[in-house]
Amino acid sequence: MQVKCVICDIVENIEDNSPQAKKLRNKKTYMYLCQKCNERIKEKTLDRLSTGKFRLYKEKEKVDELI
Ligand SMILES: [Zn+2]
């Protein structure tokens, strides 16, 4: 089946019987990320977790909302 990456809009072909394809068919909310974006996001998430920046960013967002 053809799937479109939600970040870069690249269209990729994945195996119809792959676990990923099944997920996409069953859950409408499941978002497909291409290999590139997947790795990029994984890196970013790990970065955030290791530096704690993610938590700080979320806290800043809350403060901005209050102002
Ligand atoms: Zn992508």
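Of the 67 residues in the protein chain, 16% are buried, where buried means under 20% relative accessible area, exposed means over 50%, and partly exposed is in between, with a 1.4 Å probe and protein chains only. This is a predicted model, in which local features need pLDDT of at least 70, side-chain atom pairs count only at pLDDT 80 or more, and totals for chains, interfaces and linings use all residues. Residues are numbered from 1 along each chain as its sequence is written, and side-chain values use heavy atoms, with hydrogens and water left out.

Now the fold. The protein chain has 3 helices and 2 strands, and from the N terminus on the order of elements is β-β-α-α-α. Helices here are DSSP runs of H or I with at least four residues, strands are runs of E with at least two, and both are numbered from the N terminus. Take the contacts in the protein chain with a separation of 6 or more: 35% of them are between residues 24 or more positions apart. Contact means heavy atoms within 4.5 Å.

Next, the metal. Which residues coordinate the zinc ion? They are Cys5, Cys8, Cys34 and Cys37, each through SG, at 2.3 Å. A donor is an N, O or S atom within 2.8 Å of the metal, or 3.2 Å for Na, K and Ca; water is not among the atoms, so sites may look incomplete. Along the chain, the donors of the zinc ion have the spacing C-x2-C-x25-C-x2-C.

Why is the arrangement tetrahedral? The 4 donor atoms around the zinc ion subtend angles of 106 to 116°, and four donors count as tetrahedral if all angles lie between 85 and 135 degrees.

Cys34 is buried at a relative accessible area of 2%, and Cys37 is buried at 1%. Cys8 has a relative accessible area of 36%, so Cys8 is partly exposed.

The disulfide count is 0, with a disulfide taken as a pair of cysteine sulfur atoms within 2.5 Å.

On to the core. The largest nonpolar core has 9 residues: Val3, Cys5, Ile14, Ala21, Leu24, Tyr32, Leu33, Cys34 and Cys37. By nonpolar core I mean a set of buried Ala, Val, Leu, Ile, Met, Phe, Trp, Tyr and Cys residues joined through side-chain atoms within 4.5 Å. In soluble globular proteins, nonpolar side chains tend to be buried together.

Ile14 is one of the core residues. Ile14 sits in the loop between S2 and H1 and is buried, as its relative accessible area is 14%. Not counting residues up to four places away in sequence, Ile14 touches Met1, Val3, Gln20, Ala21, Leu24 and Tyr32. The C-alpha atoms of Ile14 and Met1 are 5.6 Å apart, with the two residues 13 apart along the chain. Ala21, also in the core, is in contact with Met1, Ile14, Glu15 and Asp16, leaving aside neighbours within four places in sequence.

In that loop, between strand S2 (11-13) and helix H1 (19-26), there is also Ser18. Buried or exposed? Ser18 is buried, at a relative accessible area of 15%. The side chain of Ser18 reaches the backbone oxygen of Glu15 at 2.8 Å. From Ser18 to Met1, 17 residues apart along the chain, the C-alpha separation is 9.8 Å.

Back to the strands. Glu12 is in strand S2 and is partly exposed, with a relative accessible area of 25%. The C-alpha atoms of Glu12 and Gln2 are 5.7 Å apart, although 10 residues along the chain separate the pair. Beyond neighbours within four places in sequence, Glu12 is in contact with Met1, Gln2, Val3, Tyr32, Cys34 and Gln35. With Tyr32 there is a polar contact, side chain to side chain, at 2.3 Å. A polar contact is a pair of N or O atoms within 3.5 Å; within protein, one must be able to donate a hydrogen and the other to accept it, and residues adjacent in sequence count only if both atoms are side-chain atoms.

Last, Asp9, in the loop between strand S1 (2-4) and S2. Phi of Asp9 is near 65°, a positive value in a residue other than glycine. Asp9 is partly exposed, with a relative accessible area of 47%.

Conventions:
Tetrahedral: all angles 85-135°; square planar, octahedral: opposite > 155°, others 65-115°.
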